[in-house]
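Here is a short briefing on one protein structure. Keep the sequence and the 3D view open as you read.

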Amino acid sequence: MNKLVIGTRGSKLALWQANHIKSLIESTHHIDVELKIIKTTGDKILDTPLAKIGGKGLFVKEIEEELLNKNVDIAVHSMKDVPVELPDGLEVGVFPVREEPYDAFLSVKYNSLDELPDGAVIGTSSLRRKIQLMRKYPHLVIKDLRGNVDTRIRKLTEGQYDAIILAKAGLKRLGLLEHVKQTIDDTLMIPAVCQGTLGIEYREDDQDVQKVIGFLNHEETVFRTKAERAFLKRLEGGCQVPLGCIANLVGDRLILKGFLANLDGSKYIYEEIEGDKTDAVKLGLKLAKNILGQGGKEIIKEIYE
Ligand SMILES: NCc1[nH]cc(CCC(=O)O)c1CC(=O)O
């Protein structure tokens, strides 16, 4: 194999991520890596809150079609955008070193969430972020915010919002930490499943490609990814549900925190669990099971109806 094609979205963040993987591959193997930019549904619909568009895999479907048609060899995804169920013939099994998983608080005027006064306007379109903010900071006004990272920061600096929330990982990658005033830890906000984690997708039967990219796999990241994705799989089962999960490794111990809420945030269930890292999948499933047992079942039922 002397050439490898990466399928990627055209956003700055997606291109950074694809170029990052390209340079890691090129500095390890004598292979030329090319990028092929693919426009996805999520890129075409920029003004509607994603939760309203519904449908999953908005940022990956078209890229997966190119993989299956063999027009590209691998895809580099933000794992947080990858649905639990993949099309037949494709696999995501390579997870490079994870970037910071937490959300970031950005503001021109204020230094932290705690500083925001009554009625301050905070921007996010994520139900997960919205519900967790409403619970801890009921005095804030939450306003929808969409667009790519640059657009969102522009809307902040223009004064349309007092503060906005974004994933810290994306900001770090793009060198945009300037307006980050606070890293929001998991006592205030549980991140999205696999936030900050990249995943590489490829054809299941493509041994050549798998040999080339295997070196990118990071063991710690794999344990954390497995646990969080198992949690997601058990809870989501095909619909858009406000939930979050973070798995952190302390030595060989894997510590998981997760929550599930209903759509208006009036029901919110939080649980923690810990165990040996080699039980990653079991721990993720057990955490989900505990949440389902605490009223999560009714929430899932309510969302489906
Ligand atoms: N929803 C879009 C998206 N997908 C991945 C990231 C950030 C990077 C990552 O989580 O790896 C973002 C932007 C954001 O939520 O601020």
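Which helix lies across E11 and E12? It is helix H9, residues 219-236, and H9 runs at about 155 degrees to E11. Keep in mind that this is a predicted model.

- Three strands make up an open sheet, in the order E11-E12-E13, and their pairing is antiparallel.
- Strand E11 (243-250) and strand E13 (268-276) are the edge strands, and each of them pairs on one side only.
- On average, neighbouring strands of this sheet are turned by 10 degrees against each other, with direction ignored.
- Strand E12 covers residues 253-261 and is joined to E13 by nine bridges.
- To find one spot on E13, look for Glu274: Ile255 stands opposite this residue.
- Helix H9 belongs in this picture too, as it lies across E11 and E12.

**Strand E3, a covered strand**

- Strand E3 spans residues 74-78, and five of its five residues are buried.
- In a regular strand, side chains alternate between the two faces of the sheet.
- One side of E3 carries Ile74, Val76 and Ser78, while Ala75 and His77 are on the other.
- Both faces of E3 are covered, as these residues are all buried.

**The partners of E3**

- Strand E1 (residues 3-8) runs parallel to E3, and two bridges join them.
- Gly7 stands opposite Ala75 of E3.
- Strand E10 (residues 198-203) pairs with E3 in the antiparallel sense, over five bridges.
- Tyr202 in E10 is the bridge partner of Ile74.

**Around the ligand**

- Which residues surround the ligand? They are Ser78, Lys80, Asp81, Leu166, Ala167, Ala169, Gly170, Gln195 and Gly196.
- Two elements give two or more residues to this shell: strand E8 (163-167) and helix H7 (168-173).
- By class, the shell has three nonpolar residues, four polar ones and two charged ones.
- Domain 1 (3-96 + 197-217) and domain 2 (103-184) each give at least three residues to the shell.

Definitions and conventions: Residues are numbered from 1 along each chain as its sequence is written. This is a predicted model: local features need pLDDT of at least 70, side-chain atom pairs count only at pLDDT 80 or more; totals for chains, interfaces and linings use all residues. A residue is near a molecule or strand if its C-beta atom, placed from the backbone, lies within 6 Å of it. Helices (H or I, at least four residues) and strands (E, at least two) are DSSP runs, numbered from the N terminus. Ala, Val, Leu, Ile, Met, Phe, Trp, Tyr, Cys and Pro count as nonpolar, Asp, Glu, Lys and Arg as charged, and the others, Gly among them, as polar. Domain bounds come from an automatic or database domain assignment. A residue is buried if 20 or more other C-beta atoms lie within 10 Å of its own, exposed if 12 or fewer, and partly exposed in between; C-beta atoms are placed from the backbone. Two strands pair if DSSP finds at least two bridges between them. Axes are lines fitted to C-alpha atoms, for helices over the stretch in contact, and angles run from 0 to 180 degrees between N-to-C directions. Two residues are in contact if their C-beta atoms, placed from the backbone, lie within 7 Å.
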